[in-house]
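Here is a model to walk through together, one question at a time.

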Amino acid sequence: MLVTDAWEPQVNGVVRTLTRVTEECREMGHEIEVIHPGLGFRTMPLPTYPEIQLALGARKQIEERFKEFEPEAIHIATEGTLGMAARAVCIKWKLPFTTSYHTKFPEYVNARFPFIPVKAGYSFMRWFHDAGGRLMVATPSMREDLEKRGFKNITPWARGVDTELFHPSKRGIDGGVFKDIEGPVFLYVGRVAVEKNIEAFLKVELPGTKVVIGPGPQLEELKKKYPEVKFLGGMYGDELARHFADADVFVFPSLTDTFGLVILESMATGTPVAAFPAPGPKDLIPGSGAGAVSEDLREACLEALKCSRERCREYAEGFSWRSCAEEFVKNLKPQPKPERRKIWRRIRRLGRPERKPLF
């Protein structure tokens, strides 16, 4: 059973990871049910991030779905209202579960609401994740950071990339999709929001042209502030792959992501990556020959221009979704069958809760 507040039609790295891993697991013969906001729950938009819908009053339905499915393993992927409700059910019924850490949530919240201290955010995250059996994280640096902050039971879970969709063959002739603008082309792809630190990229003096692909609440503000930058809106699938392939450098200025799936997508098309030495980039890029990291983003951008596009592709081919799914399954904590039968017999005998829970 996978419980997640992030699911289609949202478009982000978390959703791409979870949907692809679910597909791979099913192909491997596992049976998976996903509890997500689109299952008819009453929802409300997340403040400042309306694309994410928070499910309300979900606990009763989650209890019923658990009883019907009788999962051998439960994974709670996000810390939203569905995640909170599922966590409460697991603790109430003494069901083992695992969690994963996809975003530096405390920094994300502080960037949008400065009056909420980062320290408070980490207190909440420790409370949420330490109740689980294992906490899956994408990179060694993120694991080290969380261990220093007192998190427990951390285990690695790497990511993958679609090397067929994101392929060097998508690169066009004489600039391809960027043939009418001055090169070199420095590209950003992702949500246009304050926590992504995009202005750190837009402020840098670079030759050629800067291009931004993606929607978000900061889009109109940045369009007015940086009229020389090409803002192309949201793109997906083959169209996005062609823009990745035709860029000269992909710039990843975020300090709050824990991995950065777009880094691998860019490399898979042959385009090198420039970034700050933050979790994700500093685990993937140094020594790869597929990009550069530096506290000076301009320096990283210019250094990445020198990278071999062939080497970028070669490096990205080492990350597959099948290996990502296999590692995910290995990290789960399934119950032995005899114990599982006892647990679900006991749970089926439980009466309905007397009062309606908050989530």
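**Contacts, helix faces, cysteines and a pocket**

Q: Leaving aside neighbours within four places in sequence, which residues is Met125 in contact with?
A: Contact here means heavy atoms within 4.5 Å. Leaving aside its neighbours within four places in sequence, Met125 is in contact with Glu79, Tyr101, Thr103, Phe105, Pro106 and Phe151.

A word on the ground rules: this is a predicted model, in which local features need pLDDT of at least 70 and side-chain atom pairs count only at pLDDT 80 or more, while totals for chains, interfaces and linings use all residues. Residues are numbered from 1 along each chain as its sequence is written, and side-chain values use heavy atoms, with hydrogens and water left out.

Q: Is Met125 buried or exposed?
A: Met125 is found in helix 5 (residues 118-129); helices (H or I, at least four residues) and strands (E, at least two) are DSSP runs, numbered from the N terminus. Buried means under 20% relative accessible area, exposed over 50%, and partly exposed in between, with a 1.4 Å probe and protein chains only. Met125 has 0% relative accessibility, so Met125 counts as buried.

Q: What separates the C-alpha atoms of Met125 and Glu79?
A: Glu79 is among the contacts of Met125. Along the chain these two residues are 46 residues apart. Their C-alpha atoms are separated by 8.0 Å.

Q: Where do the buried residues of helix 6 lie when seen down its axis?
A: In helix 6 (residues 140-148), the buried residues are Ser141, Met142, Asp145 and Leu146. They fall within an arc of 130°, so they line one face of the helix; the arc is that of the directions from the helix axis to the C-beta atoms. An α-helix has 3.6 residues a turn, so residues three or four places apart point the same way. The answer, then, is one face of helix 6.

Q: What covers the buried residues of helix 6?
A: Pro140 and Lys148 are exposed on the other side of helix 6. The cover of the buried residues includes helix 5, strand 7, strand 8 and helix 11 (281-284).

Q: Which residues of helix 14 are buried?
A: Seen down the axis of helix 14, the buried residues fall within an arc of 125°, so they line one face of the helix. Their cover includes helix 1, strand 5 (75-76) and helix 10 (261-268). The buried residues are Trp321, Cys324, Ala325, Phe328 and Asn331.

Q: How many disulfides are there?
A: A disulfide is a pair of cysteine sulfur atoms within 2.5 Å. The sulfur of Cys324 is 8.6 Å from the closest cysteine sulfur, in Cys25, which is too far for a bond. For Cys301, the closest cysteine sulfur is in Cys307 at 11 Å, again too far for a bond. By this rule the count is zero.

Q: Which element gives the largest share of the lining of the second largest pocket?
A: A pocket is an open set of points on a 1 Å grid over the protein atoms alone where a 1.4 Å probe fits, with protein on both sides within 12 Å along at least five of seven lines; lining residues have an atom within 4 Å of a point. The second largest pocket is lined by 21 residues, with Met1, Glu31, Ile32, Ala73 and Leu332 nearest its centre. Helix 1 (13-27) and helix 14 (321-331) are the elements that give two or more residues to this lining. The largest share, four residues, comes from helix 1.
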